Amino acid sequence: MEKHFKFTTSVIALPLFFVVFLWFVFWLEIRFGFDFIENGIYPRTFSGLQGVLFSPFIHADVEHLYNNSIPLLILLAALQFFYAEQAMKVIGYGIVVSGCITWIIGRDNYHIGASSLIYVLFSFVFFKGLQTKYNRLVALSLAVIVVYGGLVWYVFPSPEITGNKAISWEGHLGGLLTGFFLSLVYKTPEYKKVIKYDWEHPDFDASADKFMQRFDDNGNFVNIPKSEEFEEQLGFVSYYTVNVPVNYEIVLNEKNESKPEF
């Protein structure tokens, strides 16, 4: 399985290009006096649908953009390294689906920022690692929840945060749900554990296994019943017996040498 974890230039290029593009869009807005906020998601309006595609690339200020840049760099790099085949699909569908959820459940305001995509990546990496049951991916899931576990609290309404600094918890919730959904949709058979022993099969019947029969319910070693032991011996004997008659010839224990002459 280790062959699937290959470091390529895309592990660095993908997150770096994505974050640089976000800063480039923000630079265009400042340099030429554009106002891209109205291109964000405005829930339940036809014009607001454009934000499903554009909102992740629009940020209110430098602080907003900076807070999203670091998690994007880390999570995109992890996604590209561990899930290279699914990376672009997760990013593309993650932006669209989470944006649609925000458009449906969001408050009547413009929703902008790449935080919804961050929640998609966080949710996908965490849940997918647990689903694969592969030790390195499970460790990645635990690392993600340790570092970014606090993000979970921002999927709930925060009425104390109002005004221009209001957090789009709807976008966060949409991203979290989208990441979990994508983790179920995209399978990773390359990380499936190879079954080596009979007891690893899901339909393994321990009661029919001769070795397991020698243990009781508490895990103590016990002798099998005499009748079963006798049947095993009969089976063993019959395996080495034949019905062909065998004739034996008795040969005296004498050396095959000529007797000396006198």
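Which residues in α5 meet which residues in α6?

Analyst: Quick housekeeping before the answer. This is a predicted model, where local features need pLDDT of at least 70 and side-chain atom pairs count only at pLDDT 80 or more, while totals for chains, interfaces and linings use all residues. Residues are numbered from 1 along each chain as its sequence is written, and side-chain values use heavy atoms, with hydrogens and water left out.

Now to your pair. From α5, Phe122, Val125, Phe126, Gly129, Leu130 and Thr132 meet Leu137, Val138, Leu140, Ser141, Val144, Ile145 and Tyr148 of α6. Contact here means heavy atoms within 4.5 Å. Helices are DSSP runs (H or I, at least four residues), numbered from the N terminus; α5 covers 115-132 and α6 covers 135-148. By type, the residues of this contact split into ten nonpolar, three polar and no charged. For that count, Ala, Val, Leu, Ile, Met, Phe, Trp, Tyr, Cys and Pro are nonpolar, Asp, Glu, Lys and Arg are charged, and the others, Gly among them, are polar.

As for geometry, the axes of α5 and α6 sit 7 Å apart, and the helices pack at about 145 degrees. Axes are lines fitted to C-alpha atoms, for helices over the stretch in contact, and angles run from 0 to 180 degrees between N-to-C directions. The crossing of α5 past α6 is left-handed, that is, the near helix is turned anticlockwise from the far one by less than a right angle (clockwise would be right-handed).

Setting aside neighbours within four places in sequence, Leu121 is in contact with Leu72, Leu75, Leu76, Leu79 and Val90. In the largest nonpolar core, which has 41 residues, Leu121 is one of the members that touch the most others, along with Leu72, Leu79, Tyr83 and Val90. Such a core is a set of buried Ala, Val, Leu, Ile, Met, Phe, Trp, Tyr and Cys residues joined through side-chain atoms within 4.5 Å. Both α5 and α6 are among the helices that each supply at least two residues of this core, and its largest share, nine residues, comes from α3.

There are also two glycines worth a look in α7. Gly179 lies in that helix and counts as buried at 0% relative accessibility (buried is under 20% relative accessible area, exposed over 50%, partly exposed in between, with a 1.4 Å probe and protein chains only). Not counting residues up to four places away in sequence, Gly179 touches Val120, Ser123 and Phe124. The C-alpha atoms of Gly179 and Val120 are separated by 4.2 Å, though the two are 59 residues apart along the chain. Gly175, also in α7, is likewise buried at 0% relative accessibility. With the sequence neighbours up to four places away left out, Gly175 touches Ser98, Ser116, Tyr119, Val120 and Ser123.

The axes of α4 (residues 87-105) and α7 (residues 169-185) come within 8 Å and cross at roughly 135 degrees. That makes α4 oblique to α7; the cut-offs are under 35 degrees for roughly parallel, over 145 for roughly antiparallel, 65 to 115 for roughly perpendicular, and oblique for the rest. Here the crossing is right-handed. Both Ser98 of α4 and Gly175 of α7 are among the residues that make the contact, which divide into seven nonpolar, seven polar and one charged.
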